[in-house]
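These are my notebook entries on one structure. I wanted to look at how its parts are arranged.

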There are 2 protein chains.
Amino acid sequence: MKVEDLILVSIDDHVVEPPDMFTRHVPAKWLDQAPKVVTTEEGFQAWEFKGNRTGTLSLNAVVSWPPEEWGLDPAGYAEMRPGAYDIHERIRDMNRNGIFASMCFPTFPGFSAGNLNRGHDDLAYIMVQAYNDWHIDEWAAAYPGRFIPLALLPTWDPALMVAEIRRVSAKGCPAVSMPELPHIEGLPSYHDLSHWGPVFEALADTGTVMCLHIGQGFGALKQPQDAPIDNFIILATQVSTLAAQDLLWGPAMRNYPALKIAWSEAGIGWIPFYLSRCDRHYTNQRWLRRDFGGKLPSEVFRDHSLACYVTDPVALKVRHDIGVDIIAWECDYPHSDSIWPDAPEQVMREMTDAGASDDDINKITWQNSCRFFDWDPFRGLPLDQVTVGALRAKASDVDTTVRSRKEWAALNAARTAGAAAGS
Amino acid sequence: MKVEDLILVSIDDHVVEPPDMFTRHVPAKWLDQAPKVVTTEEGFQAWEFKGNRTGTLSLNAVVSWPPEEWGLDPAGYAEMRPGAYDIHERIRDMNRNGIFASMCFPTFPGFSAGNLNRGHDDLAYIMVQAYNDWHIDEWAAAYPGRFIPLALLPTWDPALMVAEIRRVSAKGCPAVSMPELPHIEGLPSYHDLSHWGPVFEALADTGTVMCLHIGQGFGALKQPQDAPIDNFIILATQVSTLAAQDLLWGPAMRNYPALKIAWSEAGIGWIPFYLSRCDRHYTNQRWLRRDFGGKLPSEVFRDHSLACYVTDPVALKVRHDIGVDIIAWECDYPHSDSIWPDAPEQVMREMTDAGASDDDINKITWQNSCRFFDWDPFRGLPLDQVTVGALRAKASDVDTTVRSRKEWAALNAARTAGAAAGS
């Protein structure tokens with residue numbers, strides 16, 4: 001297999017929501033209370049909802065910036081590569097990176113919608129639904145087959161979550177983004193079935209995947225006050241193990257055999273170590289008399305999991321100890337961990353170094369994701385039309401120049417002026 | 001290489017301190033205030049110091065018990081296999097398990113002496129010194145070459161720590177047990193050189209290894225209130241990554257090039273994943289402008305580390321990505337994770353499954369530990385006298401029968417009565 005023969009489905013990217021996203025999805029009587037984009041005193045755009053403001057962290061929109069300009073400061077739309085928020089430019093950037101299909105996590109709402117769920121009231125619920133309608137009916141539907149939709153939930157209310165899971169599932173959405181560690185967000189933990197039981201049941205019943213994106217549960221790690229920012233970025237994946245522990249050793253996986261969990265951007269290197277330790281604990285600490293229905297904990301984990309990674313070269317060498325049928329690649333566009341526009345070359349390099357067969361590569365780059373989400377992004381297209389080579393052939397005019405934030409702002413201003421003059 | 005040709009140095013075992021340990025090491029005027037063994041209302045022995053009592057958790061003394069009898073309840077000396085606390089029986093058990101040399105971590109003081117350091121006063125300091133004198137001059141000295149001594153520190157006071165490091169080093173002790181995450185124990189974090197700087201300097205200067213045993217920093221993980229005990233046992237090794245992060249990305253490793261750190265009982269599977277992530281972070285997040293002196297973070301980590309494991313079959317397959325020169329095996333006798341009396345067979349099975357060469361096996365089972373601690377346990381003995389085969393030949397009479405706690409109590413009572421009748 002050559003680089004141009006790869007088929008790439010990225011199971012974790014991000015959308016920076018465009019400013020007009022709510023206008024067509026909120027009932028008229030609530031529209032003036034919907035989140036809206038305002039310009040801050042510092043001149044950056046931020047979303048405002050119920051008096052709270054949430055900007056876009058520049059680390060979350062760095063694609064095409066020089067690494068020296070990345071950071072934790074806010075970034076406005078004007079400075080971003082338009083592929084961050086514009087669906088048509090996104091498709092062009094996906095083509096250039098050889099990616100046929102993508103699942104996009106939210107930006108300003110937070111991965112489990114904490115910024116929409118404020119107040120736990122009707123207004124919050126309406127905005128979560130509006131977000132999902134925009135995401136499914138506009139963003140993901142604009143280019144059929146190119147996006148696997150992902151919905152948000154009103155996490156505070158089990159009955160509303162169940163209703164929303166069934167509603168979005170009926171609209172064709174196979175996935176929801178959920179908290180890694182709800183007890184860190186002031187919700188009952190995943191051990192508490194009085195809150196999560198009906199949710200797990202609705203997920204299992206509809207075949208909807210719960211996606212646990214890293215970064216949510218970092219508050220579970222009591223860090224030194226003098227720890228540097230590096231700790232947050234490097235240790236974020238440690239939290240995935242804590243979440244796996246609650247879901248595997250609590251009631252979730254064992255009581256709901258059809259429950260499906262994606263470990264989004266969690267990396268995969270922690271998995272064989274964690275599963276060895278689980279199996280050793282289970283077989284060694286027999287005084288605890290745990291029951292995994294005749295299976296090992298590692299088998300139960302694999303029955304329920306899709307393990308997602310951007311880059312993890314050593315772990316790919318022990319892919320059969322992880323489970324080559326549960327590993328899925330992701331791109332993370334336009335975040336700082338993203339690989340753009342040369343993802344295919346890096347994927348192939350890591351696969352080659354790990355000695356992966358063509359079968360293993362196909363499983364990891366698209367087949368496992370399509371099976372797990374029960375989703376056929378190609379919809380009858382011949383596979384030779386969805387390869388890296390075929391997509392890049394359509395994207396020869398995509399400009400991949402690295403530009404400073406200032407240069408991006410000037411370029412985007414010129415484009416806006418041109419569009420205004422032309423209209 | 002055959003099982004009987006293995007040479008085993010276990011770099012993590014545990015001593016349950018015998019009741020008379022302080023009598024010969026505390027100055028007369030303080031002796032009545034030394035920790036002493038009392039019998040609790042429930043009939044178990046516990047150490048009492050400054051009004052606080054600390055028993056031995058039965059999980060920490062399970063060797064030769066049926067797994068159904070393990071647990072979190074207290075265990076008295078009467079129920080234990082005598083090798084837990086009796087040096088002569090310990091040597092017999094080591095011979096039976098083919099282990100030539102052993103480093104023993106403390107039990108009732110806690111791994112960083114929290115139960116001796118109570119009050120941060122002269123009395124605490126005297127007892128820490130007495131503990132070290134007993135450990136070095138009695139326990140480890142009883143069978144020359146069979147034990148690598150390990151000292152405790154008065155962690156609250158940098159000047160006292162420095163004095164104790166120099167004192168025990170001059171007595172020939174190459175290692176101290178220290179907190180994994182001092183900020184969890186109410187001490188300044190390892191980022192704070194005003195507290196730890198002189199300590200790191202004394203360690204580096206004397207070539208003393210700081211050993212960070214798992215289990216100390218578990219409080220750094222904010223667990224759900226309804227989490228089961230399994231979380232504590234399985235997730236304990238997650239804390240090692242947090243400690244590595246503070247020591248690698250804080251000033252310790254980079255400011256003290258000769259500082260040596262042993263990751264005791266941490267397992268090794270987390271290391272290649274963590275180091276890949278560190279190197280990716282360093283090369284990718286260039287806006288942070290971190291300086292590792294021209295090296296990668298992974299190289300700096302390996303320069304300072306000994307990575308210790310009891311069993312970790314998948315990780316051994318990627319031993320060269322971890323660093324085959326920094327991996328060391330350990331037995332963990334008499335804890336519940338210990339492998340006794342068949343450690344040699346399990347070690348060889350994991351090595352064979354991982355395709356390890358004889359050279360790799362020797363590095364991991366003894367050479368790396370001996371080099372890192374700058375310690376020659378064999379002291380001129382020919383290597384064929386320290387192999388599993390040679391040691392087991394001396395131990396054919398060691399009884400390996402699994403007995404219930406009640407049966408052990410009866411057996412030990414009979415022995416005590418026999419000894420009394422014979423004296």
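Entry 1, the two chains. I superposed chain A on chain B, and a rotation of 180° with 0.0 Å of shift along its axis did it, at an RMSD of 0.0 Å. The two copies are thus related as by a two-fold rotation axis. I then looked up which C-alpha of chain A is nearest the axis: that of A:Leu221, 2.6 Å from it. I note that this is a predicted model.

Through which surface do the copies meet? I found that 100% of the interface residues of chain A are also interface residues in chain B, so the copies meet through the same surface.

I looked up the largest nonpolar core, which has 249 residues. The members that touch the most others are A:Phe22, A:Trp263, B:Phe22 and B:Trp263.

I checked the length of helix H15 of chain A, residues 405–422. At 1.5 Å a residue, its 18 residues should span 26 Å, and the end C-alpha atoms are 25 Å apart, which agrees.

Next I asked which residues of H15(A) are buried, and noted A:Arg405, A:Trp408 and A:Asn412. They cover an arc of only 55° around the axis, which puts them on the same side of H15(A). On the other side of H15(A), I found A:Lys406, A:Ala421 and A:Gly422 exposed. Strand E5 (74–75) of chain A is included in what covers the buried residues of H15(A).

Technical notes. Residues are numbered from 1 along each chain as its sequence is written. Chains are lettered from A and ligands numbered from 1 in the order in which they are written. This is a predicted model: local features need pLDDT of at least 70, side-chain atom pairs count only at pLDDT 80 or more; totals for chains, interfaces and linings use all residues. Side-chain values use heavy atoms; hydrogens and water are left out. Helices (H or I, at least four residues) and strands (E, at least two) are DSSP runs, numbered from the N terminus. The expected span of a helix is 1.5 Å times one less than its number of residues. Buried means under 20% relative accessible area, exposed over 50%, partly exposed in between (1.4 Å probe, protein chains only). The arc is that of the directions from the helix axis to the C-beta atoms. Contact means heavy atoms within 4.5 Å. A nonpolar core is a set of buried Ala, Val, Leu, Ile, Met, Phe, Trp, Tyr and Cys residues joined through side-chain atoms within 4.5 Å. Copies are superposed by least squares on the C-alpha atoms of residues with pLDDT of at least 70 in both.
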